[in-house]
Amino acid sequence: MTLAENTFIGEYNYSIDSKGRLNIPSRFRKALSKNDANTFVITKGLDPCIWVYPLSEWLKIENNLRNLSSVKNINRTFVRHTTRYASSSTYDKQGRVLLTPSLINFANINKEVLIIGAIRRIEIWNPDKLKEVDEVNLKIEQDTYDELADKITL
């Protein structure tokens, strides 16, 4: 099965090295569009995790952020939160990207990480933190899930 470019699915267990480098799964690297030049933009997630975008997907986000009015405080805060910790990283010959200390700290990552494909982005989690978040999120009312499922054609 061949997925569309810049489509990431699945879950992988990896370790971060002492220099903050993390191997991006081969399957994810192969899914990356040639136009992205092996480059990801890495930033804080809205959950306590790290979000990794292919460069072309990040440019779409950046364009949307540019369209937010800087007159509104909430817009300035959102843009600042989204871009403040963002950095681009081209993976090396071993498929590793560099995570900044501030992102590692934000996501409470020690050594072991869970890398999750989230369609247009990759999420990097502390496995214990994801378990906590999942336990809370799985308590969402069934009606809420049903409303969302109605929006998706299976």
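Modeller: Two residues are in contact when heavy atoms lie within 4.5 Å of each other. This is a predicted model, where local features need pLDDT of at least 70, side-chain atom pairs count only at pLDDT 80 or more, and totals for chains, interfaces and linings use all residues. Residues are numbered from 1 along each chain as its sequence is written, and side-chain values use heavy atoms, leaving out hydrogens and water.

Biologist: Thanks! Which residues does Ile124 touch, not counting residues up to four places away in sequence?

Modeller: Ile124 is among the residues with the most contacts inside the largest nonpolar core, a set of buried Ala, Val, Leu, Ile, Met, Phe, Trp, Tyr and Cys residues joined through side-chain atoms within 4.5 Å. Buried means under 20% relative accessible area, exposed over 50%, and partly exposed in between (1.4 Å probe, protein chains only). With residues up to four places away set aside, Ile124 touches Leu22, Cys49, Ile50, Val52, Leu99, Ile109, Val113 and Leu114.

Biologist: Is Ser33 buried or exposed?

Modeller: Beyond its neighbours within four places in sequence, Ser33 is in contact with Glu5 and Asn6. Its relative accessible area is 7%, so Ser33 counts as buried.

Biologist: And what is the relative accessibility of Ile9?

Modeller: Ile9 belongs to a nonpolar surface patch with Leu3 and Ile119. Ile9 counts as partly exposed because its relative accessibility is 33%.

Key:
Patches are made of residues with over 30% relative accessible area and no salt bridge: like charges are joined within 9 Å, nonpolar side chains (Val, Leu, Ile, Met, Phe, Trp, Tyr) within 5 Å. Accessible areas come from the Shrake-Rupley method with a 1.4 Å probe; for residues, only the protein chains shown count as cover. A salt bridge is a side-chain nitrogen of Lys or Arg within 4 Å of a carboxyl oxygen of Asp or Glu.
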